[in-house]
Protein chains: 2
Amino acid sequence: MGSEGDSNVLTMGTLNPNVIEIRFGLESPVFGRFNDLVNEIESGVEKPFTKIINLSVGDTHKLGLKPITFLRQVLALCAYPELLKSGDFPEDVKARAEKILKACGKGIGSYTDPWGLKEVREDVARYIAERDGYPSDYRDIGLTSGAAGAARQVMSLLMTGKDTVKRTGLMIPVPQYPLYSATTSEFGGYTIPYYLEEGTNWSLDIMELERAIAEAKPHCIPRAIVVINPGNPTSSVLTKDEIKEIIKFAHRHRLFLMADEVYQHNVWADGAEFVSFKKTLMEMGPPYTQMQLASFMSASKGFMGECGLRAGYFEIINIPPDVKAEITKSLFVKQCAPSTGQAVMDCVVNPPKPGDASYNQFIQEKTFVISDLKKKSKVVSDFLNSVEGITCPEISGSMYAFARIHLSEKALQAAEKAGLIPDDFYCISLLEQTGIFTVPGYCFRQKPGTFHFRMTILPQMEDLLYALEKLKEFQTNFMAKYE
Amino acid sequence: MGSEGDSNVLTMGTLNPNVIEIRFGLESPVFGRFNDLVNEIESGVEKPFTKIINLSVGDTHKLGLKPITFLRQVLALCAYPELLKSGDFPEDVKARAEKILKACGKGIGSYTDPWGLKEVREDVARYIAERDGYPSDYRDIGLTSGAAGAARQVMSLLMTGKDTVKRTGLMIPVPQYPLYSATTSEFGGYTIPYYLEEGTNWSLDIMELERAIAEAKPHCIPRAIVVINPGNPTSSVLTKDEIKEIIKFAHRHRLFLMADEVYQHNVWADGAEFVSFKKTLMEMGPPYTQMQLASFMSASKGFMGECGLRAGYFEIINIPPDVKAEITKSLFVKQCAPSTGQAVMDCVVNPPKPGDASYNQFIQEKTFVISDLKKKSKVVSDFLNSVEGITCPEISGSMYAFARIHLSEKALQAAEKAGLIPDDFYCISLLEQTGIFTVPGYCFRQKPGTFHFRMTILPQMEDLLYALEKLKEFQTNFMAKYE
């Protein structure tokens, strides 16, 4: 035998080229720098700051918010039904766990239907119907491993191959949480970026959609448009009129609508309101009511923040029965979503009602999280806008600020000299000098020549204010150095 | 607007053709017939039997075996850490839950590393090292949503496109649990079937592997071989010598080894023993030790049977660092496996030790399941072989009998007249006349001209004996009718 590499089948040369093409923001050196920093501090290296604040991820619990008791109690009883005999759990918790266990047949250790437990899907459908005022059919609901699982499932249906001029184009907002562009790459599709308008609070302009689709047509068959509402990373909340215009656009171009609505509980700005694509489409009447639409929801965001449990769902409407049978088949191959996540999703869409034993505690906990985040959304955007050289639209929804940094010519030259993309140069400098970890704007894509960072508003107020002060101090020095 | 279909983007005509090509056994009408039957009985339709026994799925809990207490107690405490204060849980359960919660940082609601919690992966690596007597590195372990998630992750790396002569070929056993062929279709790869030898207890013949790969070469680049050991549906257990021959074959043809070892705890035949591919490869020494190999494991099988929790792992060895970085990226896009499943996997690979408070109960429960299944494996194969017209090799491992049905010319004609594949004709007749639900052999692929059904050995003994008696009665009548 020859050299070591001889028996390697899997090398960069043979690896699935779609995997290589994936961009998920991780190409930024800031992530590696953060890991190094954590290790350095653990091994006693002195730093010019006392603590690291990780503002890079929308992970509610990691940043200090508490799980909702009702939901975790139900999960514990489902996991270990012996606890049903205990006197320590409220009656509604026991009743809910019993309902889910009954739906499972012989407990959460069994496979569920590949679409998920019928009883949970019925609760999801009731939640949607109550939210929108229009019916929802449980047979249109699929329970998944988070919204990422939901989006992957729906996106995979739309793909028609890579090595052909017939490949599928997906319209994807810029900036965007990179799930959609990354998955499009992985599945061999073509990303059609459309730019949101920063100057008007990241609003969506139909002329820009028209430009984007016209430019893409020589390269693909545009088949779908993804909208994230409330926006990630933009934090904007679409108005009903904006949604109507998008629906008309999608109808005009025969596009499948994909509405990422995972932040539907996270709306902060006065006057802003979450309106679902499904509701809007129903209000518009025929022919729009016949359009195909998938909406994605998650238990990872909202007031629950259960990222680790991997609970999500899709609602997919106006799908012909033959296509639905194909969806069933493709779900079977992957097996069901975790039963634990399904149980938790049931609690999210069907929380305790007034009069239930858990109701008061549930409302108290939920209200605390929501009002806490609302407060933080204002604190963060007010603060950021008070810092010279940084602008940030009002944080209308979601869990992030996507702040623009206005870099001087001198700063851009310094970045170039350091061999770094300007946002990386900024975020790495910020991290190394202050311990504040934010994500460079280009990880979410942005208009060429503009630079941003994304930070989450989730940390506890004390940490958040500390981080903002550090950021201001850094920015002041940065401006002075590169003025 | 015109007719209803006008706004449909997603139709059978535009659906991802790879999805349409998936075959997962569900094309058999027996599944629909089973659902109809359940509905008919619920609505009071009279049937010539009193109960339905579903022998179609390897779902341990659904068929009456109990979950392992230790594992569920740990899960309950992780879900609701308030229970750590309770006096009702053994100390080792509390310690384990505390260890997992600490690994999570702020509880199971947080995202974990995309490869899974380091501490759980370390426990997996220790388990493998102890099992094999060779080191295992936690950085080679990825925690996944069941073994299906593990197999999908690894298979996706190997795919190089469909619409090209360079597409990836995967060697896949026949018969096989259809995950591998279905996922190959979904990912646009090329399935290279190799036949196991029924006459010698489904053994694996190297000449057959050579034939299969030679025939496939004009159609694809063969890059990997999948082996399921212990076998599903075949229930065979490979000897170390057989594994050595497969490894040599894979080395000769530069194939990536994929070892589905989810039934490693389910070995029944006297003298049979589970030996891992990794151990064998290590024993063989260079150059084999440098081969790339992935092994898949699951919490859904074994003595635990936790199908619904979606817990699995892969171990992947000899992967260059640049490729590993690509794996990390592709795992990030999907997000982590459920934290609940990760917690349970930790209990599976690191169960209570002698002296631990839970040890006695754990061993008692585990031993019960294992000895119960061992007993059933013998009952089922002895019984099936006693029935005229049915043969079934010894059930050496796994949870199934894959029984051959010897159909007369008259029976084949009757099937043709009914417009059914012969195995479907048999299994549907069996279902409708007795309520016994088995899966036709062709769902797993089989040698042309041979016919089988798969049944699980999992039901409680009483139900199992009832089902076997019904089957015998049916077979006797069937033989008489079509002699």
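Residues are numbered from 1 along each chain as its sequence is written, and chains are lettered from A in the order in which they are written. In this predicted model local features need pLDDT of at least 70 and side-chain atom pairs count only at pLDDT 80 or more, while totals for chains, interfaces and linings use all residues; side-chain values use heavy atoms, with hydrogens and water left out.

**Stop 1: the domains of chain A**

Colour chain A by its domain assignment, which gives domain 1 (17-63 + 364-481), domain 2 (70-108) and domain 3 (111-349), the bounds coming from an automatic or database domain assignment. Select domain 1 and domain 3 of chain A, whose C-alpha centres lie 27 Å apart. Their contact (heavy atoms within 4.5 Å) takes 35 residues from domain 1 of chain A and 44 residues from domain 3 of chain A. Together these two domains bury about 3,300 Å², 57% of it on carbon and sulfur atoms, where buried area is the accessible area (1.4 Å probe) that two parts lose on being put together, summed over both.

Next, display the side chains of A:E198 and A:R404, which meet in a salt bridge at 3.6 Å, N to O; the term requires a side-chain nitrogen of Lys or Arg within 4 Å of a carboxyl oxygen of Asp or Glu. The count between domain 1 of chain A and domain 3 of chain A is 3 salt bridges. On the domain 1 side, the elements that give two or more residues are α1 (17-21), α13 (359-386), β10 (400-405) and β13 (452-456) of chain A, these being DSSP runs numbered from the N terminus (helices H or I, at least four residues; strands E, at least two). The largest share of that side, 6 residues, comes from α13(A).

**Stop 2: the two chains together**

The same surface serves both copies, since 100% of the contact residues of chain A recur in chain B.

The contact takes 90 residues from chain A and 90 residues from chain B, and the area buried between them is about 7,600 Å², of which carbon and sulfur atoms give 61%. Select A:L10, A:Y111 and A:V333, which supply 10% of the area that chain A buries against chain B, more than any other three residues. Then select α11 (321-334) of chain A, which gives the most to the side of chain A that touches chain B, with 8 residues.

**Stop 3: backbone details in chain B**

Move to the loop between β3 (168-174) and α7 (179-186) of chain B, where B:P175 lies; a cis peptide bond joins B:V174 and B:P175, with omega about 0°. A cis peptide bond also runs from B:N229 to B:P230, with omega near -10°, and B:P230 is found in the loop between β5 (221-228) and α9 (240-252) of chain B. Finish at B:Q335, in the loop between α11 (321-334) and α12 (339-349) of chain B, where this residue has a positive phi of about 70° although it is not a glycine.
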